[in-house]
Amino acid sequence: MRGGRRTKQWWWRWRSNPLRRRDDVLEAWLVPIVWALVAVGGTLAGVVAAHAADETFARQRAERTPVRAVLLADVPRTTGAKGSMYSDRAAAKVRWTAADGSLRTGSTLVDAGSRAGSSVTVWTNRQDDLTTRPPGPSDAAVEAGFLGAGAALALSGLVIGAGATVRWRLDRRRVAGWGTEWDMVGPEWGHRTG
């Protein structure tokens with residue numbers, strides 16, 4: 001069809017129409033509301049989650065301190081696969097001096113093959129208990145970004161899923177309404193031959 005013109009009407013879902021039902025109006029408003037919630041809510045959830053994670057990592061860096069410790073026993077070499085992406089580390093007993101001057105012992109991960117008496121760096125919290133090393137600023141920023149993106153995607157998926165469920169229920173209600181209307185009107189239109 002050359003010369004035919006396609007007419008596209010903007011905002012057709014909100015125009016007055018004698019065939020428009022209440023379900024049509026609900027669906028017309030549902031779609032932009034879902035997309036607005038995805039855009040605004042997803043962004044907000046991502047920013048809040050990333051900020052909270054970044055604050056947590058900063059607090060960990062402030063509360064945890066590196067301490068020199070002495071290895072109490074030899075750590076045997078592990079027989080890991082050569083060139084594996086995991087480092088050869090094993091749990092071992094260490095001794096360190098707490099902030100109050102008392103000697104403490106505990107178990108932490110150290111490099112495999114280390115000898116007793118060698119010096120290692122361990123991380124302690126404010127109670128001088130062993131803890132894990134806090135992530136550095138760049139690692140924390142990357143992890144906070146991933147957590148923020150995960151929160152944004154989770155909220156967006158939840159909102160889109162809820163919107164799809166509501167649209168599915170509206171479609172089912174429309175189909176049921178069409179069936180009821182056809183049962184009323186159909187016998188008047190139909191005439192049987194034969």
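This is a predicted model: local features need pLDDT of at least 70, side-chain atom pairs count only at pLDDT 80 or more; totals for chains, interfaces and linings use all residues.

Student: What makes E1 and E2 a pair of strands?

Tutor: Two strands pair if at least two bridges are found between them. Strand E1 (residues 65–71) and strand E2 (residues 89–97) are joined by three bridges. So E1 and E2 count as paired, and they run antiparallel. In this pairing Val70 stands opposite Arg95, and Ala69 stands opposite Trp96.

Student: How do you know that E2 also pairs with E3?

Tutor: The cut-off is again at least two bridges. E2 and E3 have nine, in the antiparallel sense. Therefore they pair. Arg89 stands opposite Asp111 in E3, and Arg95 stands opposite Thr105 in E3. Five residues lie between the strands of this hairpin, and Gly101 has a positive phi near 95°.

Student: Why are E3 and E5 called edge strands?

Tutor: Look at the order of the open sheet: E3-E2-E1-E4-E5, five strands with antiparallel pairing. Strand E3 (103–111) and strand E5 (130–131) each pair on one side only, and that puts them at the edges.

Student: Which side chains of E2 are buried, and what does the word require?

Tutor: Buried requires under 20% relative accessible area. Ala90, Ala92, Val94 and Trp96 are buried and point to one face.

Student: What makes a set of residues a nonpolar core here?

Tutor: The residues must be buried, of a nonpolar type on the list, and joined through side-chain atoms within 4.5 Å. The largest such core has eleven residues, among them Val67, Leu71, Val75, Val110 and Val120. E1, E2 and E4 are the elements that give two or more residues to this core. E2 gives the most, with four. In soluble globular proteins, nonpolar side chains tend to be buried together.

Student: What does Trp96 touch?

Tutor: Leaving out residues up to four places away in sequence, Trp96 touches residues including Val67, Ala69, Leu103, Thr105, Thr124 and Leu130.

Student: Why is Asn125 called partly exposed?

Tutor: Its relative accessible area is 22%. Buried means under 20%, and exposed means over 50%. The value falls in between, so Asn125 is partly exposed. Asn125 sits in the loop between strand E4 (119–124) and E5.

Student: How do you know that Asn125 makes a polar contact with Gln127?

Tutor: The cut-off is within 3.5 Å. A polar atom of the Asn125 side chain lies 3.0 Å from the backbone nitrogen of Gln127. Asn125 also touches Glu63 and Thr131, not counting residues up to four places away in sequence. Asn125 and Arg64 are 61 residues apart in sequence, yet 4.6 Å apart in space, C-alpha to C-alpha.

Student: Which residues line the largest pocket?

Tutor: The lining has 14 residues, with Arg89, Thr108, Leu109, Thr121 and Val122 nearest the centre. E3, E4 and E5 each supply at least two lining residues. The pocket holds about 260 Å³ of space.

Methods
Residues are numbered from 1 along each chain as its sequence is written. Side-chain values use heavy atoms; hydrogens and water are left out. Buried means under 20% relative accessible area, exposed over 50%, partly exposed in between (1.4 Å probe, protein chains only). Contact means heavy atoms within 4.5 Å. A polar contact is a pair of N or O atoms within 3.5 Å; within protein, one must be able to donate a hydrogen and the other to accept it, and residues adjacent in sequence count only if both atoms are side-chain atoms. On a 1 Å grid over the protein atoms alone, a cavity is a set of points where a 1.4 Å probe fits but cannot get out, and a pocket is an open set with protein on both sides within 12 Å along at least five of seven lines; lining residues have an atom within 4 Å of a point. Grid points are joined across faces, edges and corners, and a volume is the space filled by probe spheres set on the points.
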